[in-house]
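Trainee: Could we go through this structure together? I would like to start with the aromatic residues.
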Amino acid sequence: MITAESLFFAILGTTRAEITPSVLATEITAELLFDENLGFDDFRITKDVYPTVAKLLRRSSDSVSRSVERMTARLWRCGSPEQLRKITGQERLLPRPARETILYLAYYLRAERPISALRYGMDVLPNRDQRVMIASRSAPTET
């Protein structure tokens with residue numbers, strides 16, 4: 001099992017940036033998703049996760065929020081594209097908001113596969129032809 005800290009280092013390499021708030025936010029989110037069986041929309045990062053991280057670090061919730069937002073922006077800007085593709089399951093890397101990034105990382109931390117595998121019901125991201133086939137099956141047909 002991988003740790004949240006090693007996941008951040010795998011993406012960023014060695015860094016002097018403060019990763020602790022983001023690491024804790026990822027771990028707490030993973031606990032909410034997997035240990036408490038909450039869905040993605042059953043909790044709010046800003047209301048449920050950041051205050052808990054703030055108590056652990058003896059900081060304000062706003063400070064934690066800014067720190068996590070800066071770190072997630074740094075992940076998308078400076079992170080390893082190969083690692084980000086592996087974690088997100090996306091071929092095209094587009095920067096995501098902090099909430100989405102934390103959810104990607106938390107899911108990967110526990111499931112050790114990208115969140116897109118959950119969407120497609122398999123461990124391997126389908127290629128373009130398979131995605132078109134899946135989309136055409138779920139699209140409503142005209143009668």
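**Aromatic contact and surface features**

Mentor: F34 is partly exposed, because its relative accessible area is 30%. Please keep in mind that this is a predicted model.

Trainee: How many aromatic pairs does a search of the whole structure find?

Mentor: The search finds 1 aromatic pair. It is formed by F34 and Y107, whose ring centres are 5.7 Å apart; the planes stand at 40°, so the pair is tilted.

Trainee: Which parts does the pair tie together?

Mentor: F34 belongs to helix 2 and Y107 to helix 6 (residues 98–111), so the pair links parts that are 73 residues apart in sequence.

Trainee: Is Y107 buried or exposed?

Mentor: Y107 counts as buried, because its relative accessibility is 6%; the cut-off for buried is under 20%.

Trainee: Changing topic: which residues form the negative surface patch?

Mentor: The patch consists of E5, E27, E31 and E36. Of these, E27 sits in helix 2 (residues 20–35). E27 is partly exposed, because its relative accessibility is 31%.

Trainee: Where does R58 lie?

Mentor: R58 is in the loop between helix 3 and helix 4 (61–78). R58 is not a glycine either, yet it has a positive phi of about 55°. With a relative accessibility of 79%, R58 is exposed.

How values were computed
Residues are numbered from 1 along each chain as its sequence is written. This is a predicted model: local features need pLDDT of at least 70, side-chain atom pairs count only at pLDDT 80 or more; totals for chains, interfaces and linings use all residues. Side-chain values use heavy atoms; hydrogens and water are left out. Patches are made of residues with over 30% relative accessible area and no salt bridge: like charges are joined within 9 Å, nonpolar side chains (Val, Leu, Ile, Met, Phe, Trp, Tyr) within 5 Å. Accessible areas come from the Shrake-Rupley method with a 1.4 Å probe; for residues, only the protein chains shown count as cover. A salt bridge is a side-chain nitrogen of Lys or Arg within 4 Å of a carboxyl oxygen of Asp or Glu. Lys and Arg count as positive and Asp and Glu as negative; His and the chain ends are not counted. The place of a charge is taken as NZ of Lys, CZ of Arg, CG of Asp or CD of Glu. Helices (H or I, at least four residues) and strands (E, at least two) are DSSP runs, numbered from the N terminus. Buried means under 20% relative accessible area, exposed over 50%, partly exposed in between (1.4 Å probe, protein chains only). Rings of Phe, Tyr and Trp (its six-membered ring) pair if their centres lie within 6.5 Å; planes under 30 degrees apart count as stacked, over 60 as edge-to-face and the rest as tilted.
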